[in-house]
Amino acid sequence: KNGLNVPVLVIKPKFDNRYSENKIVSHDGLTVESLSVNTLSDIPEVDRNTVIFIDECQFFMEPYFDGDIIEWVYGKMLQGNNIMVTGLDTDWESKPFIITSKLLAMATEVTKITANCTVCGRDAKRTYKKTKSGGPVELGVDDIYESRCTEHWNCN
């Protein structure tokens with residue numbers, strides 16, 4: 001619960017353990033306690049008054065997560081829960097993450113936040129992968145990825 005006495009459920013995929021097993025940690029060090037989950041059965045039942053936060057939604061897919069998070073979110077929306085979700089909408093090749101795309105389509109409000117391009121400082125709307133190897137998902141921070149504007153995203 002928070003200062004407003006509203007129940008809150010904060011969840012993240014267990015797969016994302018870059019900074020912490022049981023906290024969401026921003027790149028600049030802000031933290032909040034969270035429940036790390038591998039499967040839908042790891043998520044406790046909550047009543048309609050509970051506000052639900054989901055972090056790194058793009059990881060709520062096989063093989064990183066077992067269950068249909070889209071249907072779960074839809075059910076919670078029908079139940080009346082307020083749900084806030086964060087995550088990347090595209091991978092390092094600028095291909096959409098399906099989970100994020102489906103959640104965006106269901107959203108009543110969308111706010112896109114950008115970082116600063118590591119080359120020029122402008123709004124970065126893309127993720128640049130330094131190594132160009134691996135699949136669409138590889139955990140990492142600035143050792144593997146950089147934020148880039150569209151002009152510098154495809155540059156070496």
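Predicted model: local features only at pLDDT ≥ 70, side-chain atom pairs only at ≥ 80, totals over all residues.

User: What is the order of the strands in the open sheet of four strands?

Analyst: The edge strands of this sheet are strand 4 (35-37) and strand 6 (83-85), each of which pairs on one side only. Between strand 1 and strand 5, which run parallel, there are four bridges, and Val10 stands opposite Phe53 in strand 5. The pairing in the sheet is parallel, and the order is 4-1-5-6.

User: What angle does the direction of helix 1 make with that of strand 5?

Analyst: Helix 1 packs on the sheet, where it touches strand 5 and strand 6. Angles are taken between N-to-C directions and run from 0 to 180 degrees. For helix 1 and strand 5, the angle is about 160°.

User: Which element supplies the largest share of the largest nonpolar core?

Analyst: The largest nonpolar core has 16 residues, and those with the most contacts inside it are Ile43, Ile54, Ile69 and Trp72. At least two residues of this core come from each of strand 1 (8-13), strand 5 (51-54), helix 1 (69-79) and helix 2 (98-106). The largest share, four residues, is supplied by helix 1.

User: Which residues does Trp72 touch, not counting residues up to four places away in sequence?

Analyst: Trp72 is one of the residues with the most contacts inside the largest nonpolar core. With residues up to four places away in sequence left out, the residues that Trp72 touches are Leu40, Ile43, Ile52 and Ile54.

User: Is Ile43 buried or exposed?

Analyst: Ile43 is found in the loop between strand 4 and strand 5. Leaving out residues up to four places away in sequence, Ile43 touches Leu9, Ile11, Leu35, Val37, Ile69 and Trp72. Its relative accessible area is 8%. Because buried means under 20%, Ile43 counts as buried.

User: What distance separates the C-alpha atoms of Ile43 and Val10?

Analyst: Along the chain, Ile43 and Val10 are 33 residues apart. In the model, their C-alpha atoms are separated by 9.9 Å.

User: Why is Thr100 classed as buried?

Analyst: Thr100 has its place in helix 2. Residues up to four places away in sequence aside, Thr100 touches Cys57, Gln58, Leu88 and Asp89. The limit for buried is under 20% relative accessible area, so Thr100 is buried because its value is 5%.

User: Which residues do ring pairs link into a cluster?

Analyst: A search of the whole structure finds four aromatic pairs. Ring pairs link three residues into a cluster: Phe15, Phe59 and Tyr64.

User: Which ring does the charged end of Arg148 sit over?

Analyst: The charged end of Arg148 lies 3.6 Å from the centre of the ring concerned. That ring belongs to Tyr128.

User: What percentage of the residues in the protein are buried?

Analyst: The protein has 156 residues. Ile43 and Thr100 are buried, as shown above. Over the protein, buried residues make up 33%.

Note on methods. Residues numbered from 1 in each chain as written. Heavy atoms only, no water. Core = buried A, V, L, I, M, F, W, Y, C linked by side-chain atoms within 4.5 Å. Buried < 20%, exposed > 50% of the residue type's maximum accessible area, 1.4 Å probe, protein only. Contact = heavy atoms within 4.5 Å. Phe/Tyr/Trp six-rings, centres within 6.5 Å; stacked < 30°, edge-to-face > 60°. Lys NZ or Arg CZ within 6 Å of the ring centre and 35° of its normal. Pairing = 2+ DSSP bridges.
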